[in-house]
Amino acid sequence: MTDRLRQLAAWFRALDRTVRRRVTALVLALVSASSIFATQHDVGIARDEMVYIGYGKSYARWWIDLVTFEDGVTSKKRITDTFGGDAPTAGNREHPPLMKTLLGLSRILLADKLELTDPVSASRAATALMYAAAVVMLFLFGTHVWSYGVGLLAALLLLFLPRGYFHAQLATFDAPVVTMWLATLFAYYKALGSKRWSIGLCIVFGLALATKHNALMLPGVIGVHYAYLCWRKGGQLAADGAGLGARLGWTVRAIVHVQPWVIVALALGPLVLIAVWPWLWFDTVSHIRDWIGFHLDHVHYNFEYLGENFNHPPFPWHVVFVTTLLTVPVVTLVGAVMGSVSLVKRAIEGTSVQADRAPGLLMVLSAAVSMGVFLLPSTPIFGAEKHWAPAIPTLCLLTGIAVVQASTRCSDLLTQMRWAPPSSASFIRMGVAAALGGMVVTASLGETVTAHPHGLSHYNALAGGAPGGADLGMNRQFWGTSARGVLDFVGQFAPAKGEEPVPVYSHDAQPAWNKYPKLGLLPPGLPDAGRETAGIAKSHIALVIHERHFNRHDYLIWDRYGTVQPSFVLTHHGVPLVSVYLRENLRGKAEAESPSE
Amino acid sequence: MAVALWEMIVTAGIAALAPTAEDWRAAAQTVREQHRPGELIVFAPDWIDPLGRQHLGDRMPIEMVARMDAARFGVIWEIAKDDARSPETAGLEPVHTEEHGPLTLRRYEREPAEVVTDFTRHFGKADVSGQQVGRARVVLTEVGFEPHRCIQVVPRPDQSAQVRFTAAELGSELVGYVGLADVFTRRDVRDPGRLTVTIDGKQVAEVTAGVDDGWVRFAAATEPGPAEVEFTATAVGANARDRRVCFAAEARR
């Protein structure tokens, strides 16, 4: 057995590095995309998905009409009808178009044309592929800068991130913006060494802006990093013993020495945004102002945090830290601390890898900027960790660095203590790295599997899982996806053919409710009853998707139904997610118990 | 490595530690066998409440769940997960305890408050006047993310409305609560409401209910016997629209 492993290790090490890297990247891409796509079927439809999927088809149709030279496609009227309008959310113009367009193209291809899957899954395939691209990019970057082991670990930890994995299964923008954020940083990194990559940076940055408004913070990351490189170059250019003023002067001069084309690329990136967003082809300034203004003045949704309901600033400065501490796998958090210490130590010793481009600093700045804005008391917190999702790859990378370093130290120790012959050093090193890395990845994988399909209700082992999160008064969920778990129960009350429909007050699942029968997940005859008190009054079945501020919906239902007793409660590790109430005439038919997951 | 192992073990154990349907059934069974009408049923921590109501909701009338407070209940049944305790049982020692998996069933007994007048129940006899939007009425509503049956008055901005009970029978204490109903009105408008209580024209309590204050208690010593009790609800401030001032009160012996 040991000999076989040795042979396998030797064969692996003998592989050409480029081949090894490419094969690994391909396997990561396939495993990521296929696993995400396979598991998304269990996840209910998010409220926002209905909007994006709907507009995605019309956006995609517009582009298809453009490249097939349909008449009038570039008219102001057609563009306005598709991408915009007078109301702040007309045409979903408050969000840029890239992902919606890709969702739409994916849907048209996979569902409408090839009939391989349903429209929701077809749309979600685009997000799955985007997140797989993020996993691969992190692998390639980690491998290129540090080592194969660092890259591989970082990639797997990014994939097995409970909340990140959840968002990767949805037709939304939160996973894709991680991809585009990383792509922009890596393009910048490459551009520091190659002027030609500045073109790539320009394009990718523009596409990142076209993915989600988080990308507006990217110049902050790149700007600070570039300033650091200029400061360092300035020090090299300045005479020995030069004062601060002289140093600053040389720093400014260094702007044109380091790689000034990145500045040009960032400045021109918004032109790419405009090119791919027809709504910006006219009244450009006011439309951009509307887009950004929408988010600066965004309504504050209710959000529970540490037992308090927040719906109005000021928001606690520690939301970003506490939420990250309680949702990211603990191994990744601990590894990130250890990896940070390692990076700092190497920087002080002057032994940082690729020090001329400071990759560690770039990734740390990436996390700091994307998280830092949430220290402001006015920044909305209602999306939890998805707001700063681009920060998490940094934690994964730092953990990869820590684990590989620990493996090297451990295997060196084993060799020094003569527990293994020196000739086996590389084999031991690989074995220890595989064992340590395997345990870290397995712990992360375990959290991700445990979270599925209710990722937004998941809290890590430090929190005590979903029950611990509930005890701490952390946000239970949002978007209404957990309604998927009550469809079987509700479905048993479907009317027979020819009978009257049984209206359902579907609460926060309302935008998606009428989609479930089309997907075959709910029998016909159980239509959505409408909103608020009018919907409850009309309903025979009523759902409450539990969040603290939604307690009021339980009480509205009690008032109308005359009972406080739900007939079914969906739980996740004992934590209630959805209550289902029945009118008196249906209660006798209820059979199912509340299952524990 | 130790952290990874620990995380794997804890994660694997989380689902196993949750109360099962059988645990709930067993705990609820004892309550069903021994519970009498008028005895309070509570759950702890509050997030297991939906499960508790699923198993025992038929023994929980809306009036019990939407109570003003627990003072009038002489017997309290509590189903709690792990070591949790309901605020209603604070300071009490259980007379009976039994465990069902991670659920603990406890029974408490105490001297209940004797209610002389329940103002919410007697709202039909009240005179309502003043500057209000719509009409004051008894509602089942959310105040402080809890259910309460209370008298809801919506004064016009910077105005007051009065709910007057002539010849209300009082005991030795008047106890009440007030808050702003409906989380969405509290989000969009941040101005508070205020409730002033007078007995025979003399102010005995004044409470300001802010958007984050929840269900705020007030109390006043009273002389037993009939008296005119007036509750004045005010929307504080010129921008204080849609202040759904909801209050409940009891005269206790």
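Buried means under 20% relative accessible area, exposed means over 50%, and partly exposed covers what lies in between (1.4 Å probe, protein chains only). Keep those classes at hand for every stop below.

This is a predicted model, in which local features need pLDDT of at least 70 and side-chain atom pairs count only at pLDDT 80 or more, while totals for chains, interfaces and linings use all residues. Residues are numbered from 1 along each chain as its sequence is written, chains are lettered from A and ligands numbered from 1 in the order in which they are written, and side-chain values use heavy atoms, with hydrogens and water left out.

**Stop 1: chain B as a whole**

Select chain B. It holds five helices and 15 strands; both are DSSP runs numbered from the N terminus, helices being H or I of at least four residues and strands E of at least two. Along the principal axes, its C-alpha atoms fill a box of roughly 65 × 40 × 30 Å. Of its 253 residues, 57% count as buried. The accessible surface of chain B is about 10,800 Å², with 48% on carbon and sulfur atoms. That area comes from the Shrake-Rupley method with a 1.4 Å probe; for residues, only the protein chains shown count as cover.

Among contacts in chain B with a separation of 6 or more, 76% are between residues 24 or more positions apart.

**Stop 2: the interface of chains A and B**

Show both chains. In contact here are 43 residues of chain B and 56 residues of chain A. The size of an interface is often given as the accessible area lost when the parts come together. Chain B and chain A bury about 4,000 Å² between them, 66% of it on carbon and sulfur atoms. Buried area is summed over both parts and uses a 1.4 Å probe.

The interface has 12 residue pairs in polar contact, both residues being at pLDDT 80 or more. A polar contact is a pair of N or O atoms within 3.5 Å; within protein, one must be able to donate a hydrogen and the other to accept it, and residues adjacent in sequence count only if both atoms are side-chain atoms.

Color the chain B side by element. Elements giving two or more residues to it include α1 (2–17), α2 (21–34), β7 (137–143) and β8 (146–153) of chain B. The largest share, 10 residues, comes from α1(B). By class, the side of chain B that touches chain A has 26 nonpolar, six polar and 11 charged residues. Here Ala, Val, Leu, Ile, Met, Phe, Trp, Tyr, Cys and Pro are nonpolar, Asp, Glu, Lys and Arg are charged, and the others, Gly among them, are polar.

Three salt bridges cross this interface. The rule asks for a side-chain nitrogen of Lys or Arg within 4 Å of a carboxyl oxygen of Asp or Glu. Select Arg149(B) and Asp559(A): their side chains form a salt bridge at 3.9 Å, N to O.

**Stop 3: helix α3 of chain B**

Select α3(B). Seven of its eight residues are buried, so this helix is largely enclosed by the rest of the structure. Among the buried ones are Leu51(B), Arg53(B) and His55(B). The buried residues of α3(B) pack against α24 (551–561), β5 (568–572) and β6 (575–582) of chain A, and against α2, β1 (40–44) and β2 (75–81) of chain B.

**Stop 4: salt bridges within the chains**

The whole structure has 36 salt bridges over all chains. Go to Glu250(B) and Arg72(B), whose side chains meet at 2.8 Å, N to O. Glu250(B) sits in strand β15 (residues 245–252) and Arg72(B) in the loop between α4 and β2 of chain B, 178 residues apart. Glu250(B) is buried at 4%; Arg72(B) is partly exposed at 28%.

Next, select Glu78(B) and Arg85(B), a salt bridge with its closest N and O atoms 3.8 Å apart. Glu78(B) is buried at 0% relative accessibility, and Arg85(B) is partly exposed at 37%. Then select Glu532(A), Arg552(A), Asp182(B), Asp242(B) and Arg244(B), which salt bridges with shared partners join into one network.

**Stop 5: into chain A**

Select Thr323(A) in helix α15 (residues 319–327) of chain A. It counts as buried, at 3% relative accessibility. Beyond its neighbours within four places in sequence, Thr323(A) is in contact with Tyr305(A), Ala384(A), Glu385(A), Trp388(A) and Met474(A).

Terms used
Contact means heavy atoms within 4.5 Å. Buried area is the accessible area (1.4 Å probe) that two parts lose on being put together, summed over both.
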